[in-house]
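Please have a look at the sequence and the structure first.

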Amino acid sequence: MSDAMRGAEAMRRLLLRWVLLLGGSMALAELLRRIGLPASAMLGPMICGIVAGVTGQGLRLPGPVFPLALGVVGCLIATSLPLSVLASILDKGPVFFAGVVSIVLVSAAAGFVLARTGVLPGTTALWGSSPGAATPMTIMSASYGADMRLVAFMQYLRVIFVSGSAAAVTRFFAVASAGQDALVRSVPRAEGGAGAIGGTLLTIVVSTVLAQKFRIPAGVLMVPLVVGATLQDTGLLTIALPEWVRVPAYTALGWGIGLRFTPQIVRHALRASPWVILSTLLVIGASGVVAWLLVLCGETDPLSAWLSCSPGGEDTIAIIASTTPGVDMSFVMAMQTVRFVLVLFTGPGLARWLSRWIPSADDPSIHPSLSKADAS
């Protein structure tokens with residue numbers, strides 16, 4: 001067989017693998033959507049990506065796809081951040097910030113215990129336990145020596161538990177939860193004309209390019225978020241993200257994380273999962289206590305308090321809050337956003353400081369199944 005024929009055969013096989021990955025991702029995402037799991041359009045592809053990565057399919061996303069997908073998420077979050085969020089923050093005062101800091105400290109303590117006992121290598125548990133900012137914390141963690149795959153495992157396992165608890169609390173308070181179809185319905189539903197869509201896409205592309213050029217930490221998410229929110233609040237842009245933009249972006253995010261998994265990392269994740277689940281449940285319980293205190297202080301209603309304190313991804317909570325009648329959206333997004341920014345900018349320093357008292361990720365006696373090469 002000639003080199004040209006071998007190359008054509010290899011290309012055909014690669015294309016077939018992508019087609020199978022796409023088909024499986026779409027089917028699983030739809031199944032998760034039907035059972036009412038928020039973030040289904042991202043979790044479905046991520047699970048399929050993990051399967052492809054573990055089975056050695058050799059698939060990798062082209063360079064600019066993942067950053068642009070994060071830019072879409074940034075603008076999506078910006079749609080729920082009007083100037084009223086700032087007013088909500090100023091109005092609530094010390095109680096508001098006390099709630100935010102309490103959840104961050106509880107999560108950091110849970111991550112420190114997991115790291116100190118050697119359940120997860122190095123600072124991985126610290127990054128994986130951060131309450132919110134799931135995608136940027138996952139991406140940033142690799143730059144600070146953590147294992148991004150295990151961080152993703154922790155972060156998105158928590159997303160599943162937080163989503164389930166949010167649905168249960170919503171039903172408990174007898175509030176209609178018709179918006180459980182997650183990412184197929186936006187935050188809020190951000191449809192628009194060709195001009196609005198074009199302006200939004202241009203904002204995403206330019207913001208992402210600038211973030212990468214100036215190497216801003218988590219900039220591919222934060223810059224489109226800040227720029228989009230600013231343009232929206234000044235009336236210069238109506239953010240429009242139709243379904244044909246949102247769903248591919250979340251699919252790319254799921255693949256970008258899932259395809260990085262290997263058999264070794266999956267085995268380690270399964271061994272650590274009981275402790276990670278216990279830690280996650282404890283953090284969710286502590287967040288519920290903080291939410292209860294907010295209600296006692298008269299700051300908001302029980303459901304809004306629960307959603308504002310839930311230690312899940314801001315995008316997932318925004319989806320649930322925006323599609324649930326009776327929720328104080330401004331309060332929820334204000335608290336989630338402040339915690340998001342706090343985690344984003346204090347996370348690296350906190351992880352570095354706490355790492356003085358945890359075992360090194362390079363110690364083979366602690367994690368013999370994870371070599372340094374495999375974790376890279």
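**Cysteines, cores, cavities and charges**

Let me begin with the disulfides, for which the count in this predicted model comes to zero. For those who are new to the term, a disulfide is a covalent bond between the sulfur atoms of two cysteines.

In soluble globular proteins, nonpolar side chains tend to be buried together. Here the largest nonpolar core has 61 residues, and those with the most contacts inside it are Leu-120, Tyr-156, Leu-241 and Leu-253. Helix α3, which covers residues 65–78, gives the most to this core, with nine residues. There is also a second, separate core of twelve residues, and among its members are Ile-103, Val-290, Ala-291 and Ala-334.

Now to the empty space inside. Rolling a probe the size of a water molecule over the atoms shows where empty space is left. The structure holds three cavities of 30 Å³ or more, and the largest cavity has a volume of about 140 Å³. This largest cavity is lined by 15 residues, of which Ala-108, Leu-126, Ser-130, Gly-347 and Leu-350 are the closest to its centre. Which elements give two or more residues to that lining? They are α5 (94–116), α6 (124–128) and α15 (329–354), and α15 gives the most, with six residues. If we sort the lining of the largest cavity by class, we find ten nonpolar residues, five polar ones and no charged ones.

Two loop residues deserve a moment as well. Gly-122 is found in the loop between α5 and α6, and with a relative accessibility of 9% it counts as buried. Its C-alpha atom is separated by 8.4 Å from that of Asp-147, although Gly-122 and Asp-147 are 25 residues apart along the chain. Arg-215 sits in another loop, the one between α9 (194–213) and α10 (219–233). Is Arg-215 buried or exposed? Arg-215 counts as exposed, because its relative accessibility is 75%, over the 50% cut-off. Arg-215 also has a positive phi, of about 55°, although it is not a glycine.

Finally, the charged pairs. Side chains of opposite charge can pair when their charged atoms come close. Arg-12 forms a salt bridge with Glu-9, with the closest N and O atoms 2.7 Å apart, and both residues lie in helix α1 (residues 3–34), three residues apart, about one turn of the helix. Glu-9 also meets Arg-13 in a salt bridge, at 3.2 Å from N to O, and these two lie four residues apart in α1, again about one turn. Glu-9, Arg-12 and Arg-13 are therefore described as linked in a network of salt bridges, a salt bridge being a nitrogen-to-oxygen approach within 4 Å. Further along α1, Arg-33 forms a salt bridge with Glu-30, the closest N and O atoms being 2.7 Å apart; being three residues apart in the helix, Arg-33 and Glu-30 are separated by about one helical turn. Arg-33 is partly exposed at 23%, and Glu-30 is partly exposed at 29%.

Technical notes: Residues numbered from 1 in each chain as written. Predicted model: local features only at pLDDT ≥ 70, side-chain atom pairs only at ≥ 80, totals over all residues. Heavy atoms only, no water. 1 Å grid on protein atoms, 1.4 Å probe; cavity = no way out; pocket = protein on both sides within 12 Å on 5 of 7 lines; lining within 4 Å. Points joined across faces, edges and corners; volume = space filled by probe spheres on them. Nonpolar A, V, L, I, M, F, W, Y, C, P; charged D, E, K, R; others polar. Buried < 20%, exposed > 50% of the residue type's maximum accessible area, 1.4 Å probe, protein only. Disulfide = S-S within 2.5 Å. Core = buried A, V, L, I, M, F, W, Y, C linked by side-chain atoms within 4.5 Å. Salt bridge = Lys/Arg side-chain N within 4 Å of Asp/Glu carboxyl O.
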